[in-house]
There are 2 protein chains.
Amino acid sequence: MENKIRLAIDMDEVLADTIDKFIEVYRQDHNTEILLEEMNGKEFHELLPGVLNSSWRNYVNQKGFFRDLKVMPGAAEVVKALHEKYDVYIVSAAMEFPNSLVDKYEWLGEHFPYISWKNIIFCGNKIVDVQIMIDDRIRNFVGFKGRPILFSSPHNHFITEYERANTWAEVANKLL
Amino acid sequence: MENKIRLAIDMDEVLADTIDKFIEVYRQDHNTEILLEEMNGKEFHELLPGVLNSSWRNYVNQKGFFRDLKVMPGAAEVVKALHEKYDVYIVSAAMEFPNSLVDKYEWLGEHFPYISWKNIIFCGNKIVDVQIMIDDRIRNFVGFKGRPILFSSPHNHFITEYERANTWAEVANKLL
């Protein structure tokens, strides 16, 4: 355990561009175009035609889905710098989709190899004892006594109650 | 999130009889008998003959090793009752051995099916925000501000600094 301030960072839509992958698979597999500019305030799957509405669950349950996600722009550089200054934990609600566990572990090993296994947490409810939490889901801030930073994602576009970072550059401005 | 008191319960050597499995594999694969009664104050692998000393790491890295562990005596009944009274989280330092992640998830589904995925945490350092923690490793109590309960395992036999439960019946006496 380090004496630095503990900082929890979420994976999907914060470190990893999950929405980009969804857009890609629906384009390829279903010839369906999901438009980012129509997504504000919605989950991406609300934009799917009715017949495909719950098909996204099949994808996230598939082995491999989370293995080749793109790293969010700027995340690689900023997390590296945060890691010098803070005790950085990667905290993902991966437990809902157990086939994602190994994918996510390997993805972190590829893109953030300096994050120790000791600092990776796969969970459901994020009951973590940290001082700062960067997350795109406000449900993870319920009961959290530290400083929550809402990382912008289309679905949280209209939420105004939290300190917000639109990009990793903005995270850097706040925390570095 | 519930309003009950949050209780974190460890897996290996607390819910699951990992040592029993080790004794079994060394007996079968290496014709080597590890004696429980010689284990007090030691890790089981300290009892292995020199040439086998670090071979245990191969086992815990193998898929399947954690899948068929026995449930510790009394754990099934007591955890079920604890689950009624507390907000029970299963917290395992599984991240050191990523091949154990799915095994452990499935093992919990088999033996403790009423524990929601939301209440499972696989991590390294146990920085969880709970009020009570039942664990056999005192390193997991460092920095923990709640009530730690040391669950007896041979390796922690001579530790006297913590409230101790020798069995699941003793846990029941304390918490139910």
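Predicted model: local features only at pLDDT ≥ 70, side-chain atom pairs only at ≥ 80, totals over all residues.
His45(B) is partly exposed, as 16 other C-beta atoms lie within 10 Å of its own. That count falls between the two limits used here, since a residue needs 20 or more such neighbours to be buried and 12 or fewer to be exposed. His45(B) sits in the loop that links α1 (18-30) to α2 (56-60) of chain B. Once residues up to four places away in sequence are set aside, His45(B) touches Asn53(B) and Trp56(B). For the pair His45(B) and Trp56(B), eleven residues apart in sequence, the C-alpha to C-alpha distance comes to 7.0 Å.

Ile149(B) belongs to strand β5 of chain B, which covers residues 147-151. With 21 other C-beta atoms within 10 Å, Ile149(B) is buried, because 20 or more are enough to count. Beyond its neighbours within four places in sequence, Ile149(B) is in contact with Ile132(B), Met133(B) and Ile134(B), and also with Glu163(B), Ala165(B) and Lys174(B).

Stepping back to a whole chain, chain A has five helices and six strands. Read from the N terminus, their order is β-α-α-α-β-α-β-β-β-β-α. The radius of gyration of chain A is 16 Å, close to the 16 Å that the globule rule gives for 176 residues, so chain A is as compact as a globular protein of that length. The C-alpha trace of chain A spans about 50 × 35 × 30 Å along its principal axes. As for burial, 37% of the 176 residues of chain A count as buried. Among the contacts in chain A with a separation of 6 or more, 64% come from residues 24 or more positions apart.

Chain A is also split by the domain assignment. Domain 1 takes in 6-17 + 69-175, while domain 2 covers 18-60. The centres of the two domains of chain A, taken over C-alpha atoms, are 22 Å apart. Where they meet, twelve residues of domain 1 of chain A are in contact with eleven residues of domain 2 of chain A.

What about the nonpolar interior? In soluble globular proteins, nonpolar side chains tend to be buried together. The largest nonpolar core in this model holds 84 residues, and the members that touch the most others are Ile9, Tyr89 and Ile121, each of them in chain A and in chain B. Leaving out neighbours within four places in sequence, Ile9(A) is in contact with Val14(A), Leu15(A), Val79(A), Val88(A), Ile90(A), Val91(A) and Ile134(A).

Most residues other than glycine have a negative phi. Glu13(A), though, has a positive phi near 70°. Glu13(A) lies in the loop between β1 (6-9) and α1 (18-30) of chain A. With 22 C-beta neighbours inside 10 Å, Glu13(A) counts as buried. Over in chain B, Glu13(B) has a positive phi of about 70° too, although it is not a glycine. The loop between β1 (6-9) and α1 of chain B is where Glu13(B) is found, and Glu13(B) is buried as well, with 22 C-beta neighbours inside 10 Å.

How do the two chains relate to each other? The contact between the chains takes 25 residues from chain B and 25 residues from chain A. On the chain B side, the elements that give two or more residues are α4 (100-111) and β3 (120-122). The residues on that side divide into 16 nonpolar, five polar and four charged. Of the interface residues of chain B, 100% are also interface residues in chain A, so the copies meet through the same surface.

Methods. Residues numbered from 1 in each chain as written. Chains lettered and ligands numbered in written order. Contact = placed C-beta atoms within 7 Å. Core = buried A, V, L, I, M, F, W, Y, C linked by C-beta atoms within 7 Å. Helix = DSSP H or I, 4+ residues; strand = E, 2+ residues; numbered from the N terminus. Nonpolar A, V, L, I, M, F, W, Y, C, P; charged D, E, K, R; others polar. Domains from an automatic or database assignment. Rg over C-alpha atoms; globule rule 2.2 N^0.38 Å.
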